[in-house]
Amino acid sequence: MRKHLVSRRLERAKEDARPFLVVGDLGYGVIEEFECQFPSRFINVGVAEQAGISFCAGLADKFLPFFYSIGNFPSFRALEQIRNDVAHEGWPVAIVSLGAGFSYGTAGYSHHAIEDAGAVASIIGMDVFTPSCVHELDHLLTLHWKNPRPMYLRLGSSETCSYEHPLFDSQYYSVYKTGGTSLALLVHGEIVHQVLEAVESIERNVAVFSAFHFNRLSEKLVSELLTYERIATIEEHSSEGGFGMRARASLASAHGDKFLSLGVDTYDSHLGGSRAYLLEQNQLDSESIANRLLGFLDGR
Amino acid sequence: MSELQDAGWRVKKSILEISKSKNTPHVSSSLSVSDILVALFFPRVKSPRREVYLSKGHAALALYATLREFDYISEEDLSCYSENGSIYEGHVNSKIPGVPLSTGSLGHALAFACGRALADSLVASEVQHWVVLSDGELDEGSNWESLLLVAHLGLSNLNIVIDRNGLQSLKETEKTLRLEPLAEKLSAFNWKIREANGHDLSKLRLELDAASDNIQPTCIVANTAKGYPLADMMDEGVRFHYKPATEDHIQRFDKMHPYEV
């Protein structure tokens, strides 16, 4: 998807002065055309992901920067820069991580991106996406262009997509296969192709959804999934802190009478105060907890 | 005493009073850097606007007191420092007028300012970007990534001042992670290096103006004393990284002849 991404940015840059490509000394054979056509909107910051992310945040006042890197380099290496300078300041930087999952399999664990989405999605204000195909990627790029926000984009290796699958654009999912009501497969990322092969081999009537927003499921998707007897999630990412856990949380929240999760949900990065004050703001002081528990028990 | 020194001394007094009344730390760090900030914010005639990034965000009180001195914020705003629900937090907050970036974790501002400065140069903006770094903060690798990047891009609209007080959180910088020869290191990174007394406001101001005219990014190593001008704070700069100012400090400060230490 990297060639597709850069070619789309190139097209956009011809009609819009904002796209700016920043690379972390990567992109051989992919980024040269952009650099050649828009030299003033291309920078290789070198093997320097921490500076690169903060640098992009600085650019974002006047441009739409894409930071192009691979695997864990733009995430784990620069996690605090993503948190402090991009997410909490709200700068619309698109951080592109190539090689989602095991795309760089033979390169070893340094290049296996199987924990990055969970880490980045834990940052308030960071949306994480893993498109299953170039159609979903196109959709995300259009959304980012229309409504620029901080975004972490994980890309796999396929450059084309032969599947016709309706995409519910405002809901971050597409339907690869419909079928029956017994089982819905909820897939995150390019592994959807392995899932479709598996479904074909078992000869059962199951539905296959691609949910490319890692953080949470949309309401429409949740309501659709709840019409199935069983739901399975499949992802090329660690199950611990992965898409499956987040999907289950989205589904559980639809059952407000059975599940309650209390946590920091109304955090304002730019308002300070004592711990007691901040707990109260998030309804995590003892009185608020008690009231919320009573409300839960009494079905309020 | 010059108008510039008047302003600098008032800012120091404000730092002491607020640290005491709010019982907040980092008073020695704030006194170390306040003259640099005053020199940067002091109004100039017919000069491009300056964007100032305080990378050592724990010295927020010095920045807020300086912003008050030059009317970016009101007295009422400043009185909210460290209060519940206030944007005037213990570390620098970008929601405050005159503050381009929140800081608090070290080693972030230079790269951010580099992005801002490059963007401005591409749209022919005349804004000058100034990043104030602490010396202890230079332990962060991200700063050295950024020093390379700024020099490589040859940004003439970005300069830095290093608050070289020689101390960091636990001990002297040279006993923690040796920085010297600092000027030579920075010079080898293709920065133009200037040195100045970080508490001599008029000379600092001249250095800032000279750096703004350079075509090469300039680093001013401003030699400072943590806690200046109070003797016990300068002697125990590390301790007052953690302790607030006291009434005794304020009384002694009031009896001093400004900038004669």
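In the predicted model described here, helix α2 of chain B passes α3(B) in a right-handed crossing. The axes of α2(B) and α3(B), the latter spanning residues 60-69, lie 8 Å apart, and the two helices pack at an angle of about 35°. On the side of α2(B), the contact is made by B:Ser30, B:Val33, B:Ser34, B:Leu37, B:Val38 and B:Phe41, while α3(B) contributes B:Leu61, B:Ala62, B:Leu63, B:Ala65 and B:Thr66. Sorted by class, the contact of α2(B) with α3(B) holds eight nonpolar and three polar residues, with no charged residues.

Helix α2(B), which covers residues 27-41, also packs with helix α9(B), formed by residues 201-212, and here the axes come within 9 Å and cross at roughly 55°. The helices α2(B) and α9(B) are therefore oblique to each other, and α2(B) passes α9(B) in a right-handed crossing. In this contact, B:Asp35, B:Ile36, B:Val38, B:Ala39 and B:Leu40 of α2(B) meet B:Leu201, B:Leu204, B:Arg205 and B:Leu208 of α9(B). The residues of the contact of α2(B) with α9(B) comprise seven nonpolar and two charged, with no polar residues.

Elsewhere in chain B, B:Gly98 is found in the loop between α4, residues 75-79, and α5. With 17 other C-beta atoms within 10 Å, B:Gly98 is partly exposed, because a residue counts as buried at 20 or more such atoms and as exposed at 12 or fewer. When its neighbours within four places in sequence are left aside, B:Gly98 is in contact with B:Leu67 and B:Tyr72. B:Tyr72 lies 26 residues from B:Gly98 in sequence, and the C-alpha atoms of these two residues are 6.5 Å apart in space.

Between the chains, 26 residues of chain A are in contact with 27 residues of chain B. On the side of chain A that touches chain B, α3 (49-59) and α4 (79-87) of chain A each supply at least two residues, and α3(A) gives the most, with eight residues. By class, this side of chain A is made up of 10 nonpolar, 11 polar and five charged residues. Helix α4(A) is itself mostly covered, since seven of its nine residues are buried, namely A:Gln81, A:Ile82, A:Arg83, A:Asn84, A:Asp85, A:Val86 and A:Ala87. The elements that cover these buried residues include α3, β4 (94-98) and α5 (116-121) of chain A, together with α5 (109-122) of chain B.

Within chain A, three domains are assigned, with domain 1 running over 2-155, domain 2 over 167-253 and domain 3 over 260-300. The centres of domain 1 and domain 2 of chain A, taken over C-alpha atoms, are separated by 25 Å, and the contact of these two domains takes 17 residues from domain 1 and 19 residues from domain 2. On the side of domain 1 that touches domain 2, at least two residues each are supplied by α5, β5 (127-129) and α6 (134-146) of chain A. The residues on this side of domain 1 divide into eight nonpolar, six polar and three charged. Helix α5(A) is accordingly named among the elements that cover the buried residues of α4(A) and among those that supply the side of domain 1 touching domain 2.

How values were computed: Residues are numbered from 1 along each chain as its sequence is written. Chains are lettered from A and ligands numbered from 1 in the order in which they are written. This is a predicted model: local features need pLDDT of at least 70, side-chain atom pairs count only at pLDDT 80 or more; totals for chains, interfaces and linings use all residues. Two residues are in contact if their C-beta atoms, placed from the backbone, lie within 7 Å. Helices (H or I, at least four residues) and strands (E, at least two) are DSSP runs, numbered from the N terminus. Ala, Val, Leu, Ile, Met, Phe, Trp, Tyr, Cys and Pro count as nonpolar, Asp, Glu, Lys and Arg as charged, and the others, Gly among them, as polar. Axes are lines fitted to C-alpha atoms, for helices over the stretch in contact, and angles run from 0 to 180 degrees between N-to-C directions. Angles under 35 degrees count as roughly parallel, over 145 as roughly antiparallel, 65 to 115 as roughly perpendicular and the rest as oblique. A crossing is left-handed if the near helix is turned anticlockwise from the far one by less than a right angle, and right-handed if clockwise. Domain bounds come from an automatic or database domain assignment.
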